[in-house]
Amino acid sequence: MTERAATAAPAPVDLPYRIVWRSRSVRQGAHRSTQSGAGGIFRDLATLLEYRDPRRIDLRQSLRDPFGTLHVRRFEEKSEIGVTVLLDVSGSMAFEGSSRKMKLAADLVQVLATSVRRAGDTFALYAADEEVRDELGSPPTRSRAGETDMIAALRAYVPERKGASGLIEAAQRVGRKRNVVLVISDFLLPEDQLVALFETLSPHDVIPIRLVDSHENARLPSWGLMQLSDLETGRRRLVAMRPSLKAEWQRRIEARRSFFRALASRYGREPFEITDTIRWDLLGAHLATGA
Amino acid sequence: MNLALSTPWVLLLLPLALLPLLFSSQREQSYPSIGGIEADPLSLAIDWTLRIAGTIAIVALILGLGGLHRLGRTIEKSGEGAHIVLLIDRSSSMDNTFAGRAPEGGEESKSAAARRLLKDFIVHRDHDLVGVAAFSTSPMHILPMTEHKDAVMAAVDAMDREGLAMTNVGRGLALSLDMQEADTSPAARVIVLVSDGAAVIDRKVQDKLRAAFARRPINLYWLFLRTAGTPGISTVPAPGEEDTPQAMPERHLDKFFKSLGISYRAFEAENPEAIALAISEIGKLERSPITYLERIPHEDLSARVFAVAAAALLVLLAAKLSEVRLVSTREEA
């Protein structure tokens with residue numbers, strides 16, 4: 001019951017996130033940037049000829065210069081970044097175990113959207129199953145208009161379509177400018193599609209967030225008959241579960257997971273795994289390290 | 001297998017039996033992805049077992065509702081035996097003992113002894129077709145050729161009734177021949193004549209009998225229940241005595257039978273033991289191959305079909321009871 005209480009806990013308003021790279025955006029924001037300017041953290045010194053801002057002349061450095069060159073201090077500008085959420089709304093996300101995966105996803109999107117807009121960054125959402133679902137997504141914007149509707153639509157949505165190949169197409173839409181891309185999915189895609197997805201996202205700062213339910217792995221029953229229907233492919237299978245088969249299943253699931261983790265680590269950040277409930281503090285820490 | 005249904009239209013429901021093959025009886029549960037996990041052989045086997053059990057259960061229930069039964073039928077079998085006509089003398093002298101007087105106390109009359117021994121004989125002849133005819137003044141058609149032992153027993157028992165006056169062997173034989181005539185099977189034919197005396201056969205009747213016997217081979221046995229002190233079959237008249245059918249009917253009847261050119265044996269019995277001996281002798285002789293029809297009665301199979309259905313349903317019930325939920329309903333709430 002503690003788990004349920006945690007699920008019901010109000011989501012934090014702000015989720016800190018940080019990047020280790022420099023934004024190339026010219027728009028003012030909250031992140032480290034390649035732009036130089038007047039405010040912010042001191043970056044370097046330049047001659048007045050290089051950087052014609054006599055208001056920032058560094059007197060001490062200029063006096064120390066035996067050649068009498070005038071030095072000007074340069075400061076790092078803070079810029080905004082684009083944050084894009086790729087949301088998998090394929091059939092497998094309809095799984096209801098300890099919690100509804102779609103509810104977790106909607107919670108995440110809501111908190112992320114709020115945090116991103118409060119930070120002044122651009123937020124975009126692309127939802128995809130076998131194709132990009134434009135009616136669920138939102139184009140890159142800093143406006144909060146329509147955010148409530150977007151979240152409500154996500155909460156109400158029941159995934160039914162098979163396949164998540166649309167994520168690759170959505171990834172192509174993110175654009176050329178380096179974005180923080182949060183991929184929220186259960187990552188139960190075929191291996192070749194997973195590779196293609198990460199390949200497409202390689203210009204961006206990718207943060208995979210994997211939604212797992214303990215009922216699909218750790219809390220599988222040890223004995224009994226189960227008629228399972230694959231949410232992703234629609235295939236049905238009768239499973240006579242027994243400890244040896246359970247161990248085999250868990251081994252397969254773990255193999256699939258480690259393949260995904262290796263792939264994600266190669267192309268971006270370590271994936272963050274959400275099992276049953278969102279541990280906001282851990283997620284915040286994960287996003288704030290920026291690594 | 002002659003199977004039939006009492007209400008055949010229930011067969012219209014048979015397509016329902018395909019349902020378990022298409023749909024599982026288990027409650028379907030969603031699982032994110034079973035890709036990458038091969039189906040294990042045991043689960044597959046159980047899956048198909050359950051589907052087939054479902055099909056069997058439905059088919060069996062439909063057949064049970066339809067009232068499956070096996071039709072009564074007759075099958076041809078081959079064994080050893082013969083088609084026998086028992087031609088029994090019903091003259092009143094048969095009610096006497098071998099000593100020639102009315103039975104008293106524990107004494108057994110000739111007819112009673114013959115009856116007992118004939119019944120014993122019939123019981124042990126499994127595949128025979130037996131007809132019963134009697135004769136006294138005129139022949140009596142008592143029982144047509146039949147395989148029903150009970151009927152034959154009853155017919156033989158009917159010899160119990162008081163006998164009639166005369167002995168008319170000729171017409172009795174003619175009737176027996178007629179009874180055999182109706183039967184066209186290639187089985188061995190036997191007439192067992194049981195009498196305690198003989199009579200003159202009319203010359204005309206003799207000719208007819210001769211012609212009838214010539215038409216097809218028939219084995220004739222004459223069980224002569226001789227009363228003590230009366231002339232026997234092989235009694236040769238003393239010199240000077242008359243040797244005519246009227247004076248010595250037994251001897252002349254025997255001679256007539258011998259002249260027919262058929263397989264014929266006479267047994268002279270003067271006591272029940274001799275009758276038993278003669279009858280067992282006949283039993284030994286008549287062991288030719290015979291094809292006979294065995295009747296198998298109508299059999300209701302619905303109980304068995306329902307048992308099959310119950311067994312299949314038990315399998316399904318066991319599967320249902322061993323079903324587990326991936327996510328327990330308590331948590332879902």
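This is a predicted model: local features need pLDDT of at least 70, side-chain atom pairs count only at pLDDT 80 or more; totals for chains, interfaces and linings use all residues.

Q: What makes residues of chain A and chain B count as being in contact, and how many do so?
A: Contact requires C-beta atoms, placed from the backbone, to lie within 7 Å. By that cut-off, 32 residues of chain A are in contact with 27 residues of chain B.

Q: Which elements of chain A each supply at least two residues of the side that touches chain B?
A: They are β8 (224-230), β9 (236-241) and α7 (243-267) of chain A. The largest share, 7 residues, comes from β8(A). By class, this side of chain A has 14 nonpolar, 8 polar and 10 charged residues.

Q: Why are β8(A) and strand β2 (residues 28-31) of chain B said to pair?
A: Pairing calls for at least two bridges between two strands. β8(A) and β2(B) have 4 bridges, in the parallel sense, and therefore meet the definition of a pair. Within this region, A:Asp230 stands opposite B:Tyr31 in β2(B).

Q: How do you know that strand β3 (residues 68-70) of chain B pairs with β12(B)?
A: The definition asks for at least two bridges, and 2 bridges join β3(B) to β12(B), which run antiparallel. B:Arg70 stands opposite B:Glu299 in β12(B).

Q: Why do β1 (3-5) and β12 (299-300) of chain B stand at the edges?
A: In chain B, 3 strands form an open sheet in the order β1-β3-β12, with antiparallel pairing. β1(B) and β12(B) each have a single partner strand, so one side of each is left without a neighbour in the sheet.

Conventions: Residues are numbered from 1 along each chain as its sequence is written. Chains are lettered from A and ligands numbered from 1 in the order in which they are written. Two residues are in contact if their C-beta atoms, placed from the backbone, lie within 7 Å. Ala, Val, Leu, Ile, Met, Phe, Trp, Tyr, Cys and Pro count as nonpolar, Asp, Glu, Lys and Arg as charged, and the others, Gly among them, as polar.
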